[in-house]
Amino acid sequence: MSLAPRVALSQDFLLKLGKLPSAMHARIVKWALKFQQDPTAAGINYETIKGARDGNLRSVRIDQDWRGIVFKPELGDIYILLHVDHHDEAYRWAERRKIAVNPATGSLQIVSLESVDELPPTGASVPATQANVATADESVTPLFASVTDEQLVQLGTPVELLPLVRRMCDERDLDAAQASLPLEAYEGLFLVLTGDSVSTILGERETRVNQSIDTANFAAALDSAESQSRFVVVTSDSEMAEILNAPLAQWRVFLHPLQRKLAAGDRSGPVRILGGAGTGKTVLAMHRAKWLAQNRTVEGQKVLFTTFTRNLALDVAQNMKSLFMDDAAINRLEVINLDRWVHRYLRGKNYEHRIIYKRDDDAWGKAMQVVSPKLDLDEAFYVEEWERVVAAQGVQDLDGYRQVSRIGRRTILGRAKRDLVWPVFEEYRTLLSSKRLKDVDDAYHDAAQLLALDEAPAPYSAIVVDETQDFGPQALRLIRAMIAKERNDLFFVGDGHQRIYAKHRAVMGHCGIDIRGRSRKLYLNYRTTDEIRKQAVALLEGREIDDLDGGRDDNQRYKSLSHGPSPEIVDAPGSQEAVQVAIDRVHQWWGDGLDPSRPSVCVMTHTKVIRDQVAQALRSLNIAVSMIESDTADSAVNDAVRVSTMHRAKGLEFDRVVVLAHGMLGAVPDDSDLAQLVYVAMTRAKAMAVLVR
Ligand SMILES: Nc1ncnc2c1ncn2[C@@H]1O[C@H](COP(=O)(O)OP(=O)(O)OP(=O)(O)O)[C@@H](O)[C@H]1O
């Protein structure tokens, strides 16, 4: 029995397809679908490309003018659709490309030879406007002088591009070469610049380089995680149609090599993934959940995907549908925010309390009446002590309060003072209970206790958690209690920089979640331009950001894959002026009339009051407004300016944003979460941002 040939698509092919006008797009899709069904069909004529430096590249006729460029090696029975264009452009593209197997990593790479062809001979003078990369100025120390050629190749640099890397003198040279370098090489070289050793980088990205590689075995090379960040092997007509019809939904098809490795395969226990805004954590979490549902979940079990807010869970559920396509394994997946899960579970246990998410003013006011006159502590102290210590840590009695760690609290309390403080919290709980109310942290605690007694615990094969930084200690303990300690049990993604509720700071290890040896980090920002990312990061300067497990995280080692204008910073003395800036910018961007390709725009505010003022002002100028409300999904249709609070916009993204942060950014870094909220808002922007402060 002969096996059918394998057909693959390259990322370049899909990016090109995504930019074509709809009639041409449809024609190419039709051709590609037919090609995929049988690339050996008699009607397909593989033309040799004169002048091509890779003898395995062929041109295939699509119509009189258009050609597809196909990689068709002698061995391996594989066909890769690499590119489409008008005849002459397609040939020119092919003449300057080579498909090669990296001799260290075994991955398949598209080598763009024009970047080395254009290098002047060493020592030649070049116009001042050209990047350093071309100068090879001998007075400047080369950027990667301390890294051997072998190591550069291990990081993913194609052998042919070593001269290009050797000429780099500063980070701008690396950025200038981004388009020519494979993703893993660009990222690896950047991490070397931040001080990481090559062996650390390879270890963290789980890349093996001590294997013997057959550089002529292109078919085997296609299977590596690095190759799959730029090529996708298509196995059915329906899969091909799905991919071709949504060519810009890259996240569904091409994962970063580390995303790919973490999404599939077994892990011996809980995993924690960190990554700044836009580094693909949610995308990874979704692919992981899919793999677990398809491969590690038997009948009667489910993978639980949970996150903090209902809105984010709705978005994820929607995206999951497109990720599974029509695979029935989606029935082995449940997506629900934790609060809803708790609500449902406790109701099933006939829990007699209603859960409250804010302090009950009436009960709190009464509890404050038992404050000891012997202590000179104001109400704000008690509020924070309740939120950050008693409720957050699940302290149930005086004994527990005497022993609890109060790290991070400014007021020192010895045992005698704790004894005097405690009755306030006891009273508050009693009063809540008499009203059949329960604070949410206490409800998490109760749910965890009930689960421990439950004879039929929740039937999950795995739990995947997004936005982990938003979960406090009680929530994490509950999640731990929801599944037995076993292989693949828990998978967390999160980012301490985006914690917008300081009281939710937790240490995973203290909640029974041991991630030692199973912690990884994503460094490349797929969403936000590097210019906006840098400005957003600058807002957090001087702050200590945690790594969700009691350690420190840093935000220096991130890089964006796209570039654009620097964000505009506008100072506004008050909210009236701030709103005016938003109106002016939107007016300027939005223009008149409807343009379907218009960029998405969102104005984000701290409060609902200002949000409503912005909406009203825009409407009075006849600009259509779409208010992003809590508990309703954001409409994907781009026919109105979005207006949202910063909290609500978490997890969303827009082409352009205006962030009204006037009065939110104090000069002195403190432990309030306002700067982090503005960081979250700014990093919703893909291309352009205005920060009003
Ligand atoms: N491998 C990928 N290829 C292409 N695009 C990707 C990839 N991974 C993520 N993206 C895109 O990058 C953007 C950010 O991804 P995602 O929301 O997963 O990041 P995140 O780290 O969860 O962000 P945040 O923490 O800011 O919410 C999205 O537009 C997503 O589609």
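These legends describe close-up views of a predicted model. Local features need pLDDT of at least 70, side-chain atom pairs count only at pLDDT 80 or more, and totals for chains, interfaces and linings use all residues. Residues are numbered from 1 along each chain as its sequence is written.

**View 1. Shell around the ligand.** The ligand has 21 residues around it, and A277, G280, K281, T282 and Y526 come nearest (near: C-beta atom, placed from the backbone, within 6 Å). By class, six are nonpolar, 11 polar and four charged (nonpolar: Ala, Val, Leu, Ile, Met, Phe, Trp, Tyr, Cys and Pro; charged: Asp, Glu, Lys and Arg; polar: the others, Gly among them).

View 2. α12 (250–253), α14 (281–295) and β17 (524–529) each supply at least two shell residues (DSSP runs numbered from the N terminus; helices: H or I, at least four residues; strands: E, at least two). α14 gives the most, with three. The ligand lies between domain 3 (262–347 + 444–522) and domain 5 (559–692), because both give residues to its shell (bounds from an automatic or database domain assignment).

**View 3. Six-stranded open sheet.** The strand order is β2-β3-β4-β5-β1-β8, with mixed pairing (pairing: at least two DSSP bridges between two strands). β2 (46–48) and β8 (231–234) are the edge strands; each has a single partner, so one side of each lacks a neighbour in the sheet. The twist averages 35° from one strand to the next (axes: lines fitted to C-alpha atoms, for helices over the stretch in contact; angles: 0 to 180 degrees between N-to-C directions).

**View 4. β1, β5 and α1.** Strands β1 (residues 6–10) and β5 (residues 78–86) run parallel, joined by four bridges. L9 has L81 of β5 as its bridge partner. Helix α1 (residues 11–18) lies across β1 and β5, at about 35° to β5 (contact: C-beta atoms, placed from the backbone, within 7 Å).

Terms used:
Contact = placed C-beta atoms within 7 Å.
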